[in-house]
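Reader: I am new to this structure. Could you walk me through the terms used for it?

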Amino acid sequence: MNTEETRYQEAKERVEAIKGFYIHLTVYVVVNLMLFSINMIVSPDSLWFIWPLMGWGVAVAIHALSVFGFGGRFGADWEERNIRELMEKER
């Protein structure tokens, strides 16, 4: 594979990862809105919807970090930069 094909493939994988995150986030919001509604209708005195909201929220946050990196610090660019630096040092 040449450089252009490699760059295209990497960009395509990145777009798919971002798309996957947004799908996950959308499902999270829709399902938790439904759980909130059910909770308010069935048992408004006990706010049990908060537990799946928080648990799944942690998973969504981890997914976001894996896709977008830690503020850009440890994302795919970071990996690529470090690989290039190590290769240059070994020359």
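What follows is a short exchange on a predicted model.

Reader: Which residue follows α2?
Author: G69 does, and its phi is positive, near 80°.

Reader: How many aromatic pairs does a search of the whole structure find?
Author: The search finds 5. One of them is Y22 with F68.

Reader: Why is the pair of Y22 and F68 called tilted?
Author: Two checks settle that. The ring centres lie 6.3 Å apart, and a pair needs centres within 6.5 Å. The planes meet at 55°. Stacked needs under 30 degrees and edge-to-face over 60, so this angle counts as tilted.

Reader: What does the pair of Y22 and F68 tie together?
Author: Y22 lies in helix α1 and F68 in helix α2, so the pair ties together parts that are 46 residues apart in sequence. Y22 and F68 also form one aromatic cluster with F21.

Reader: Why is Y22 called partly exposed?
Author: The relative accessible area of Y22 is 44%. Buried means under 20% and exposed over 50%. Y22 falls in between, so the label is partly exposed. F68, at 32%, is partly exposed too.

Reader: What makes the pair of F36 and F49 edge-to-face?
Author: The angle does. The planes of F36 and F49 are at 75°, and the cut-off for edge-to-face is over 60.

Reader: Where do F36 and F49 sit?
Author: F36 is in helix α1, and F49 is in the loop between α1 and α2. The two are 13 residues apart.

Reader: Is F49 buried or exposed?
Author: Buried. F49 has 13% relative accessibility, and the cut-off is under 20%. F36, at 35%, is partly exposed.

Reader: Which residues make the nonpolar surface patch?
Author: I38, I41, V42, W48, W51 and M54 make a patch of about 690 Å². α1 and α2 each give two or more residues. α1 gives the most, with 3.

Terms used: Residues numbered from 1 in each chain as written. Predicted model: local features only at pLDDT ≥ 70, side-chain atom pairs only at ≥ 80, totals over all residues. Heavy atoms only, no water. Patch = residues over 30% accessible without salt bridge, like charges linked within 9 Å, V, L, I, M, F, W, Y side chains within 5 Å. Areas by Shrake-Rupley, 256 points an atom, 1.4 Å probe, with all protein chains shown as cover. Salt bridge = Lys/Arg side-chain N within 4 Å of Asp/Glu carboxyl O. Helix = DSSP H or I, 4+ residues; strand = E, 2+ residues; numbered from the N terminus. Phe/Tyr/Trp six-rings, centres within 6.5 Å; stacked < 30°, edge-to-face > 60°. Buried < 20%, exposed > 50% of the residue type's maximum accessible area, 1.4 Å probe, protein only.
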